[in-house]
Amino acid sequence: MSFESFGLHPSIMDGVAALKYVKPTPIQLQSIPPVMQGRDLIGLAQTGTGKTAAFALPVLQRLLNGPRGRIRALIISPTRELAEQIGEAINALGQRTGLKSLPIYGGVSMVHQVQRLRAGVEIVVACPGRLLDHVWKGTIDLSQVEVLIIDEADRMFDMGFMPDVRNILRCLEKPRQTLLFSATMPDDIRRLARDILKDPVTVQIGHTAPAKTVSHALYPVKQHRKTSLLIELLRDIEADSVLVFTRTKHRAERVAQQLKQAGYRATSLQGNLSQPRRQAALNGFRSGLYKVLVATDVAARGIDILSISHVVNYDMPETIDGYTHRIGRTGRVEKNGDALTLVTSADAAMVQAIERVLKATLERRTLKGFDYALPVADNSGRHPSHPQRQQRRRPVYRKRIGKN
Ligand code: AMP
């Protein structure tokens, strides 16, 4: 089945062609027809499945007719990065429609947002907190919203945004069409869906198991040898574009710093960065300026970078869904990716749980020539074949060891 069969307006089809989408993805095939008919929808799909276009295309189609200059579609996103990405996708797909979208999130000045709102937009893509700031200041009018999309609802819940989302729902006056997307369906999301959706169609893609295009491998290692192993692994895999996940902001910062010292074009993405610096890190990773991005889960949520070749879990995620979300960053639409996880003995239970979900035993790998047994006291990352380089790195490890 092709995009032509949906009956989208030619101006929207121009956007589809501009993005070089040839075949709809499964979630698009299943979601676009009912959404075009005005049905409410639950989309169980993770990032990387094409879910943005699955809601953006029918929304653009709906807004083509009717009044301009007032907010008629509201998309709620858990993070700024995701809001930016959705905004960009809508702008690209809707480039010939004359419809205007505006991302709204915190960490940047409100004044510019207010000016854009006054000038008139039809689509707002917003993070809950800043959206409510506008509501309370009276700088946004949501009374004309006819389509509401809640994206990554489970993430929104994890991040504690559900009360904000419920407050936003109270500001919407019109009978509306509501679409809710989530990678997983915990009870709270199920309850929210029951409260706000009318007779929804449910579309489920890929269940919660990680993408099939990804190959998974575990690298058992002691905690204090992780960074040295990561450095050697990066050398070994000659990856184009690697997303490394750490558990804490400080560790993301520190690992990125250590990779830089080892000669990698690396940067970090974590909550301590100002908005311009986050954007610079993301843009630099997208453009290939940085080959390695070290991020925390929250910071990396929803990142859509098609060319990510490897995801490395420097720290094991705390939940299976966390694993699914991280791994969803690689192996996107018809691309193969690799997921490498550094595991310590403390991660045994989580490994078992992931293997149960994947219904497979994950391959345990060891890196040839790497000194796994080096004790903490001499954590120099010394490698027999690179004595000089290793000597330069030694003070860094000494200084930082034991923190975090
Ligand atoms: P999403 O799941 O919405 O974050 O989309 C993941 C990536 O797939 C984005 O880079 C989209 O531009 C891309 N994409 C979405 N739909 C298609 C399609 N039908 N064909 C090829 N790429 C697509």
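This is a predicted model: local features need pLDDT of at least 70, side-chain atom pairs count only at pLDDT 80 or more; totals for chains, interfaces and linings use all residues.
Modeller: Residues are numbered from 1 along each chain as its sequence is written, and side-chain values use heavy atoms, with hydrogens and water left out.

Biologist: What pLDDT does the protein chain average?

Modeller: The average is 84, and 86% of the residues score at least 70. pLDDT is the predictor's confidence in each residue, from 0 to 100.

Biologist: Where does pLDDT stay under 50?

Modeller: Over residues 331-335, with 17 contacts beyond four places in sequence. Also over residues 378-404, with 47 such contacts. A contact means heavy atoms within 4.5 Å.

Biologist: Why are α4 and α12 called oblique to each other?

Modeller: Helix α4 (residues 80-93) and helix α12 (residues 275-287) pack at about 55°, with axes 11 Å apart. Helices are DSSP runs (H or I, at least four residues), numbered from the N terminus. Axes are lines fitted to C-alpha atoms over the stretch in contact, and angles run from 0 to 180 degrees between N-to-C directions. Under 35 degrees is roughly parallel, over 145 roughly antiparallel, 65 to 115 roughly perpendicular, and the rest oblique. The pair is therefore oblique.

Biologist: Which residues of α4 and α12 make the contact?

Modeller: R80, E81, E84 and Q85 of α4, with Q275, R278, Q279, L282 and R286 of α12. They divide into one nonpolar, three polar and five charged. Ala, Val, Leu, Ile, Met, Phe, Trp, Tyr, Cys and Pro count as nonpolar; Asp, Glu, Lys and Arg as charged; the others, Gly among them, as polar.

Biologist: What makes α8 and α9 roughly parallel to each other?

Modeller: The axes of helix α8 (residues 162-171) and α9 come within 13 Å and cross at roughly 5°. That angle puts α8 and α9 in the roughly parallel class.

Biologist: Which residues meet there, in α8 and α9?

Modeller: M162, R166 and L169 in α8 meet I189, R191, L192, D195 and I196 in α9. By class, that contact has five nonpolar, no polar and three charged residues.

Biologist: What makes D188 and R191 a salt bridge?

Modeller: The rule asks for a side-chain nitrogen of Lys or Arg within 4 Å of a carboxyl oxygen of Asp or Glu. D188 and R191 have N to O at 3.0 Å, a salt bridge. Both lie in helix α9 (residues 187-196), three residues apart, about one turn of the helix.

Biologist: How many salt bridges does the whole structure have?

Modeller: The search finds 18.

Note on methods. Helices (H or I, at least four residues) and strands (E, at least two) are DSSP runs, numbered from the N terminus.
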